[in-house]
Amino acid sequence: MLKRRSDVYSVEIYGTKDLQKTEIEDEEEKHKDQKGNKKKKKAEDLKKELDLDDHRLSTSELEMKYGTSIDKGLSSARAAEILARDGPNALTPPKATPEIVKFLKQMIGGFSILLWIGAGFSWISFGIQLAQGVDSAFDNLYLGVVLALVVILTGIFAYYQEAKSTNIMASFSKMIPQQALVLRDAEKKELPADQLVVGDIVEIKGGDRIPADIRLIFTQGCKVDNSSLTGESEPQSRSCDFTHENPLETRNIAFYSTTCVEGTATGIVINTGDRTIIGRIASLASGVGNEKTPIAIEIEHFVYLVAGVAISIGVLFFIISVSMRYKILDSIIFLIGIIVANVPEGLLATVTVSLSLTAKRMAKKNCLVKNLEAVETLGSTSIICSDKTGTLTQNRMTVAHLWFDNQIYSADTSEDQTTQPFDQSSPTWTALSKIVTLCNRAEFRPGQENLPIMKRVVVGDASETALLKFSEVILGDVMSIRAQNTKVAEIPFNSTNKFQLSIHETDDPQDKRFLLVMKGAPERILERCSTIMINGKEEPLDSEKAEAFQTAYMELGGMGERVLGFCHLYLPENEFPETFQFDTDSMNFPTSNLCFVGLLSMIDPPRSTVPDAVSKCRSAGIKGAVVAVTGDGVNDSPALKKADIGIAMGIAGSDAAKNAADMVLLDDNFASIVTGVEEGRLIFDNLKKTIAYTLTKNIAELCPFLIYIIASIPMPIGTITILFIDLGTDIIPSVALAYEKAESDIMNRRPRNKRRDRLVNQQLAVYSYLQIGIMQSVGAFVTYFTVYAEQGFLPSTLLGVRVNWENNAINDFEDSYGQQWTHYQRMYLQWTGYTAFFVSITIQQVADLIIRKTRRNSIFRQGLFRNKVIWVGIFSQIGIALILTYGLGHVTALNFTPLRFQYWFVAVPFAILIWVYDEIRKLLIRRHPGSWWDKNMYY
Amino acid sequence: MEAAIICNLRVHGQGENKHEEKVQDPDREKHEPKADMGSKTWADLAGEMKIFLWNPEERTCLGRTAKSWGLILLFYFIFYTCLAGMFAFCLYVMLLTLSPYTPRYRDRVSPPGVMIRPYLNGFTIAFNVSQPNTWQPYVDSMHHFLAAYDDKVQEEKNIECVPGQYFIQGGSDSEEKKACQFKRSLLQNCSGIQDPTFGYSRGQPCILLKMNRIIGYRPGAGVPVSVECKVQKGNESHLRSVDFYPGNGTFDLMYYPYYGKFTHVNYTSPLVAMHFTDVQRNHLVPIQCSLHGKGIINDLNSDRFLGRIIFTLSIGK
């Protein structure tokens, strides 16, 4: 036995070492990459860490060294002094990616690179034209500068947004601080873990994160998961024994940031904050690379799609224009225009804003989103795995039934119980109540004597809390009863044993026997019993009585109640004298042939919101394969990590669970998940709408270039004008779509299929580009031709005029009526055309914005005025257009000119057409689900 | 100390490695196909592309069956036909509202711009007197331009008008309008009649200046618009004398207003000839000729052809 143990032990040690080795080597490699001298520093750090000798000291030496007392802990005053000296128990955050790198990433990421190419081409053509002595060469210089400015400004905005959302995320993580159970001033207190100081006595139970480096002084089946420190995933047992010279390997030290997976332990804090082992190996604490979230993948897909379209159209028309005998230089300038028209410059910034708006909204509804893009993931959730405790229920265990003396008694489960009505005269009840009281680790937090018992805050898990309150209601001051029955040994509950045991001296001064009390899973308890107490008398446990037990157990379990069995044993005085030393590891006391006393069952009443939420989930088709997992225990954290989205409970959740989760439900309420699903779907829908809205006018910006190249008409819209649409009039409306309320069917749809249901699918692109976009182009061209015709250039005259039109030596260019125009007069007219085209796109984008409010429902069902922000968008759009046209109309560099009032209305019939057409589309989709129309027109 | 740990580990490591490999091998085999699925090879992509282009099983091309393609093409045919119809209809309605004789707005085309002849792709007139091939193109251009002003042509097509007043013709818009004669003989020394080289052969070039036509425009508001030339930049003594024809270099009022090319068919723009009789030789002389009169703008920085024109004379031996 001993040999086997040592084998296991040595393997464990080697395993740890091996992993350490790889860690260290990894570290080294990293450092080699960065700076050679860091390696030296690290070696010194490791030396320092090995100076640690606390694991060799005895308990009393430790008390001396840290000026503390194991029974009383530090005094608050002393703790405050040390805190002032050492600082809070928190790691200095690891150095993040340098801001400049983040900034540069924004500058070249996504579409920016396309725009840089555009700017580069502009400068090249400026250089060539300047060498050729062309007058208008500087136009290209300015265009290049403007494009560069656009990239830099959107880059700065995106960077600012990211920094802001990082800050929001950081503040979220501060909202779920780690707590530690500390002994101070001889009282157990829950403190934020960063208030811990050296010398504090802390208690740890399964599920807790170790709040500091701790020298253990008392352990009970304690195992720790050192994976965050060593990468070793196998839990390692911890005891109070000094087992190894190396502090990293001795069993009596538990390290900061590792997790206690089971058992309990008490220890003295020996290092805090940056002086902990993990603090010294700071780089270990920095996070690992994140996997791409669905929305990130979708946006990348979208960027590729649009960039692909832009480049292929650009190259295609480059070839066309070269083969049409345009000069290479002109063809390059066309290419720039096509790129600028195709790239939705403002879109990525809009998406970021929409996501952070949603995260804020969700926080208001008690969902803390740790990972911004997880919001969307939730919307595509197809399975929710939930444990019922706490999430579906009120997480307030209450004793509902008792079974003793072969009889089931009902207890009062009401909110404000003060007494319990059942018959308490039986001596069996006296015995049972004693076990319930003593075999319980839960305690009331001090200073709540005036509160009703049911309202008091308890340190302990849910069922122990229920039992504590139950016995407090019936017996009165439980703490004094426990004090009179001094605890001499204890085995806390763990998942292998499935029981909890403690041994007490009795309060009867005549009775020198020890009392062993045990509670746990009823069948396990019964296995250990040979007798059963009936009416205060021990009777042998025959098959008939066991049958009665089974019946009662089944009945209580059948009601969905958590059943616990209770038994006890008075240890014979001769074998276990007063001085007997109990050892819980070797179990030098009997744990079988006990006396069964009774059963207690508890329920956790369901939350009132749950039935509704579950039915919503059902109709949302939540089954089938993005998996959301909810959980609170430490045992849930691997599942949370593995799930597509892990959801932890904010109140009941262990630190481990919260760390592993993507989202934290602050109110532990299942209904909040439904909110999350709804919000997740909503953000996906709204992003779709935003993108559809933004893409549409790209066609209206692109068509002019294509027709300009093919039909050689005067340029209908300028590159700078396009930028004013993309980054001016369109920005606020596209953000406004993020505020759009959900369509009525949002929770009746099937979850998004990650492979098929893309953010930007074929239908969306085709409908936006080839239908609405073309309509907009037609409307804008009508305005364009109207402006030229009313000034004397009839459409027929315009075809094919490009070369002469743009020739600045021709200053008597004849129009359709025989009038003659100078070059500048033509250019001014051309700018008026730009302005008219711009205004027409803006007017039709208002219609586009309105139709994008819904994808299936009629606008009138959705309500035109429910989303006020849309109206802010519409007014801002028109306001900006008015300012550009009339306010900046005299700044010729911007290519805007004042426009006759009536030209604002030329495209209105087309705007109305867009609206009517889209209503018809939606009507047909609703009327004929699954039809050819539905398949091709629903995006 | 670090080194010590590593050493220590190596000692144990040797024994350990074998064990580890054994454990890891089956794992690796399991992972390999997975990794392949994650990153597609080019062959896979090409295969997928092929299937996408033509899927023989489902008989689809680019993801659609023949029927589906037929439907979608039919839909877009109808859709775009309707749209084109609407576009044509809108333009038709818009054009209906326009008068065929007078554009609705003339605010962008006025006040008038100015051009010169000869015009050969630029505003530098450079030649050497002794080399006829350097000035012959200018002379040809002048003759070509003035062909429409031949006295015979003018007498045949146009009427004589009363000088000194606008020639306003009433009647409906669609009525044909009469045009006033502008005979090239009016240009005297610059008419090309006496001197078919327009003075170029003597180093005294003629340049014709014309004002842009604007429908209904009445230049000068009753006082004829006159032309004036000066050196634009540099030594003013380089331009010593200029003769103007006809008259003192004015555009007679009788040639205005212009009624548009459909009704004012034979209209010929009045001209002012500038005879540069004494210009510094062997120098680039930039000259600005500008219109003067009420309502004329000739100092706009952005438009150097509005009410003025700048050209360079460079006359060599």
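Is Lys519(A) buried or exposed? Lys519(A) has a relative accessible area of 6% and is buried, where buried means under 20% relative accessible area, exposed over 50% and partly exposed in between (1.4 Å probe, protein chains only). The model is predicted, and local features need pLDDT of at least 70, side-chain atom pairs count only at pLDDT 80 or more, and totals for chains, interfaces and linings use all residues. Residues are numbered from 1 along each chain as its sequence is written, chains are lettered from A and ligands numbered from 1 in the order in which they are written, and side-chain values use heavy atoms, with hydrogens and water left out.

The side chain of Lys519(A) meets that of Glu464(A) in a salt bridge (2.7 Å, N to O), a salt bridge being a side-chain nitrogen of Lys or Arg within 4 Å of a carboxyl oxygen of Asp or Glu. Lys519(A) belongs to strand E16 (residues 514–520) of chain A and Glu464(A) to helix H16 (residues 462–475) of chain A, so the pair ties together parts that are 55 residues apart in sequence. Helices (H or I, at least four residues) and strands (E, at least two) are DSSP runs, numbered from the N terminus. Glu464(A) is also buried, at a relative accessible area of 7%.

Over all chains the count comes to 36 salt bridges. One of them joins Glu245(A) and Arg56(A) (2.9 Å, N to O). Glu245(A) is partly exposed at 48% relative accessible area, and Arg56(A) is partly exposed at 40%. A further salt bridge links Glu81(A) and Arg78(A) (3.1 Å, N to O); both residues lie in helix H4 (residues 76–86) of chain A, three residues apart.

In chain B, the secondary structure comprises five helices and 11 strands, and buried residues make up 43% of its 317 residues. Four strands of chain B form an open sheet in the order E3-E5-E9-E7, with antiparallel pairing; two strands pair if DSSP finds at least two bridges between them. Strands E3 (114–117) and E7 (239–245) of chain B stand at the edges, each with a single partner strand, so one side of each is left without a neighbour in the sheet. Strand E5 (residues 206–211) of chain B pairs with strand E9 (residues 271–279) of chain B over five bridges in the antiparallel sense, and Lys210(B) stands opposite Leu271(B) in E9(B). Helix H4 (residues 132–146) of chain B packs on the sheet and touches E3, E5 and E9 of chain B, contact meaning heavy atoms within 4.5 Å.

Key. Axes are lines fitted to C-alpha atoms, for helices over the stretch in contact, and angles run from 0 to 180 degrees between N-to-C directions.
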